[in-house]
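Subject: Structure handover and findings

Hi,

Here is the structure for you to look at. My notes follow below it.

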Amino acid sequence: ILLLCVSEMRADPARYSVPEEAERGSFVANIAKDLRLTGEELLARQARLVPEGEKQYFQLNQHTGDLVVGEQMDREELCGQSEPCLVRFEVLLESPLQSFRAEVRLTDVNDHAPVFLNKEIVLKIPESTMLGTRFLLESAHDPDVGNNSLQHYSISSNEYFLVYTRRRSDGRRYPELVLDRALDREQKAEVDFSITAGDGGTPPRSGTALIRVVVLDINDNIPVFTRSLYKVSIMENSSEDAIVVVVSASDLDSGTNGEIAYSIVQNSEENFETFKINPETGQIRLKKPLDYEETKTYEIDVQASDGGGLSTHCKVEVQVKDVNDNAPEVIITSLTSTLSEATPPNTVVALFNVRDRDSGDNGRTTCELTGEQPFRITLLAADAYALVTSETLDREQVEEYNVTVRARDEGSPALSVSKTLLVRLLDVNDNAPTFTQAVYTMVLSENEPAGRSLGSLSATDPDTGENARVRYALVPPPTGTFAAASFVSVDAESGTVRSLRPLDYEKVPAFEVTVCASDGGSPPLSAQAVLRIVVRDENDNAPVLLHPAPDSGAAGELVPRWAPSGYLVAKVVAVDADAGQNAWLSYELAKATEPGLFRVGLHSGEVRTARAVTERDAARQRLIVLVRDRGQPSRSATATLAVALVDDFSDAFHQLGRDPASGEQPQVAEEEMLTTYLIASLCCVSSLFLLSVLVLTANTLCKPRIRTELSPPSPSCYAGGDFASDGVGGTGTLSPAYRYEMCLTSGSGRSEFQFLRPVLP
């Protein structure tokens with residue numbers, strides 16, 4: 001885009017003119033018309049003037065496009081005798097970037113009159129001077145140019161002299177006095193008249209000086225220079241009082257008429273201030289250092305006079321040679337000292353000009369940046385540059401840049417100058433907060449009161465100001481999910497996590513919530529992290545018995561008398577709702593009728609015989625098993641087992657109906673329960689009897705009909721494989737199970753059921 005804009009710049013500058021000393025606000029031109037833009041477009045594109053020098057002499061009205069004088073200008077002060085006198089500037093437009101060169105010519109106003117350096121000019125002329133002899137007079141000085149500069153000389157009325165106006169090679173005019181009538185010292189020893197220098201301005205201005213001509217006696221020979229024109233060159237860095245040239249003249253006369261004195265005819269104030277001559281030797285020396293950039297050529301008129309008053313003249317042309325004594329200048333015309341870090345590449349940061357007052361190679365310059373920085377220099381026009389961004393910026397990496405622009409000329413030795421521009425970057429919210437961890441895990445004790453601090457979250461944002469201010473919040477869970485966010489809160493400023501209610505580990509062992517960290521930018525950026533809360537279990541639950549059931553009283557178990565050591569009597573099963581060590585259960589025999597007969601597995605809860613059962617052991621045993629967890633403090637529960645040592649099943653219910661703890665005295669409650677069982681058994685037996693009678697009656701009536709259809713009767717025996725392997729018993733009172741063999745006859749009028757023998761393991 002920049003290359004396209006530069007290629008579209010106007011090659012020829014727009015030219016305007018304005019008279020010098022014009023008042024502030026004076027109209028110069030309408031730039032909008034020349035650029036074919038409207039006032040609104042100028043305002044939208046931020047049109048502005050960029051002067052070539054350090055001073056701005058014009059102003060641009062962005063609404064109308066009018067170019068007006070911003071400050072009064074003196075053409076002679078700005079340009080001296082140079083013509084034309086041009087004030088150059090550039091019109092800079094943005095979006096897109098365009099530059100138009102323009103120049104305003106200051107037209108001269110006749111505001112200076114010619115001035116003679118010496119108000120009285122004395123000439124000594126011998127009376128024998130031939131008619132038509134010319135005498136060079138001192139020139140008047142007029143800083144104006146063109147028609148307003150010095151145009152002619154005239155003298156007041158007299159009998160002896162005429163004046164002619166001559167022009168030098170540089171265009172300056174000087175007067176020559178011509179003898180028109182022979183002088184006679186005896187008639188008139190001194191002739192006085194005035195000389196007037198006039199310019200061509202409107203109205204014209206003039207300056208006068210008095211000429212006194214002293215008539216001398218005859219001097220036959222005038223001095224003669226060895227050369228009528230001396231051409232010399234001198235380096236501009238020559239020291240003060242350095243010899244420029246030595247002029248030489250000779251006179252054939254003798255005595256005082258042959259003694260020559262040299263002098264410089266003051267044809268300009270500049271020559272008078274710069275050079276001096278030794279009146280005896282003719283050595284011309286410097287009175288002050290030379291400056292090629294101010295004056296490149298001097299033309300000196302040297303006069304040689306003898307003692308008799310005769311004189312002659314010669315010219316000395318002094319060419320000043322340029323020396324690389326001026327370093328380049330970097331002139332900043334526009335600077336954006338603060339820049340957004342979101343600024344795209346190729347954004348203009350500064351506009352500047354590079355100027356070198358030297359000439360030739362000494363005045364040719366190059367421009368570069370020092371160091372590795374995200375900027376580059378673009379050439380807009382001759383000696384006009386733009387500092388633009390070359391890549392994207394990031395304030396988080398570098399907050400400010402010291403951009404050093406170095407300008408170097410091509411002289412020998414080369415001179416250079418550096419200028420440093422400070423560019424600060426403004427923050428843009430381009431960085432989201434970052435959590436120090438992706439998952440935070442915090443521990444909360446069970447039943448902990450609300451308001452306890454669990455820890456804190458931390459997120460950082462490399463931006464600055466409000467863009468770096470981080471606030472924390474819990475992300476609401478999706479509708480219909482577990483509302484874990486109601487258990488904890490997060491402080492918006494500090495990120496401190498606090499509990500909102502006591503928690504029960506058995507209901508909520510752990511939960512996760514999502515925490516969002518947002519910065520204060522516009523629009524805000526955010527990041528999320530997972531907060532996992534682990535509830536630490538407390539021993540707040542005692543063991544719960546599953547077998548035997550805690551509300552069933554003492555569980556009855558049968559143990560045969562022949563049971564060996566290690567015989568499994570029962571298994572106590574318990575659970576604990578706590579976790580970890582609080583749920584580790586241990587079993588121990590707290591109390592027993594005969595402590596040495598039974599033992600309990602520490603971790604299994606299995607109740608086994610510690611030795612073989614003997615006839616001396618009481619038939620009824622009562623065991624209390626203690627179940628304890630390992631919490632601090634520990635909690636426990638007890639299970640009661642009633643164990644009957646039996647020889648067979650007929651003795652089992654008799655033994656279980658008695659409590660060994662009561663000795664020979666039956667308890668009332670047990671007797672009432674036994675009575676209830678007997679009544680229920682009687683009812684069952686009666687019902688079975690009536691049912692049997694009905695079945696026999698039906699069988700008697702139907703037997704003649706079906707006897708012919710039945711096969712001959714054969715006895716069948718039902719072995720043990722036709723029954724469940726458990727026989728009579730189960731998980732209740734009989735362990736291990738008992739098995740019996742039985743035999744039935746079919747086809748008879750009645751069936752008999754007989755226990756033959758028990759099948760024991």
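Which residues does V247 touch, not counting residues up to four places away in sequence? They are F225, Y230, Y262, I277, T281, G282, I284, V302, C314 and V316. Keep in mind that this is a predicted model.

More on that site. V247 lies in a loop, with strand 19 (243-246) and strand 20 (249-250) on either side of the loop. V247 has a relative accessible area of 0%, so it counts as buried. One of its contacts is Y230. In sequence, V247 and Y230 are 17 residues apart. In space, their C-alpha atoms are 7.8 Å apart. C314 is another of the residues V247 touches. C314 is itself buried, because its relative accessible area of 2% is under 20%.

Next, T274. This residue is found in helix 5, which covers residues 269-274. Buried or exposed? T274 is buried, at 1% relative accessibility. Leaving aside neighbours within four places in sequence, T274 is in contact with R285, L286, K287, K288, L290 and Y298.

Now the aromatic rings. A pair of rings is described by two things: the distance of the centres and the angle of the planes. How many aromatic pairs does the structure hold? The count is 11. One of them joins F161 and F193. Their ring centres are 5.6 Å apart, with 35° between the planes. F161 has a relative accessible area of 2%, so it is buried. F193 is buried too, with a relative accessible area of 2%.

A second pair to check is F435 with Y440. This one is edge-to-face, at 6.1 Å centre to centre and 70° between the planes. Both F435 and Y440 are buried. Ring pairs also bring in Y472, giving a cluster of F435, Y440 and Y472.

Charges over rings come next. Where does R134 lie? R134 lies over the face of Y164, 5.3 Å from the ring centre. K296 has its charged end over the ring of Y292, at 5.1 Å from the centre of that ring.

On to the cysteines. The structure holds one disulfide. The bond is formed by C79 and C85, with 1.9 Å between the sulfur atoms. The angle about the S-S bond is 65°, and the link is right-handed. C85 is at 0% relative accessibility and therefore counts as buried. Elsewhere, C516 has a relative accessible area of 15%. Why does C516 count as buried? Because 15% is under the 20% limit.

Last, an annotation. The unreviewed UniProt entry gives a "transmembrane region" at residues 677-698. In the model, that span is 100% helix and 0% strand. The C-alpha atoms at the ends of residues 677-698 lie 32 Å apart.

Best wishes

Methods: Residues are numbered from 1 along each chain as its sequence is written. This is a predicted model: local features need pLDDT of at least 70, side-chain atom pairs count only at pLDDT 80 or more; totals for chains, interfaces and linings use all residues. Side-chain values use heavy atoms; hydrogens and water are left out. Rings of Phe, Tyr and Trp (its six-membered ring) pair if their centres lie within 6.5 Å; planes under 30 degrees apart count as stacked, over 60 as edge-to-face and the rest as tilted. Buried means under 20% relative accessible area, exposed over 50%, partly exposed in between (1.4 Å probe, protein chains only). A charge sits over a ring if NZ of Lys or CZ of Arg is within 6 Å of the ring centre and within 35 degrees of the ring normal. Helices (H or I, at least four residues) and strands (E, at least two) are DSSP runs, numbered from the N terminus. Contact means heavy atoms within 4.5 Å. UniProt positions are given in the numbering used here, feature names are shortened, and annotations may be inferred rather than shown by experiment. A disulfide is a pair of cysteine sulfur atoms within 2.5 Å.
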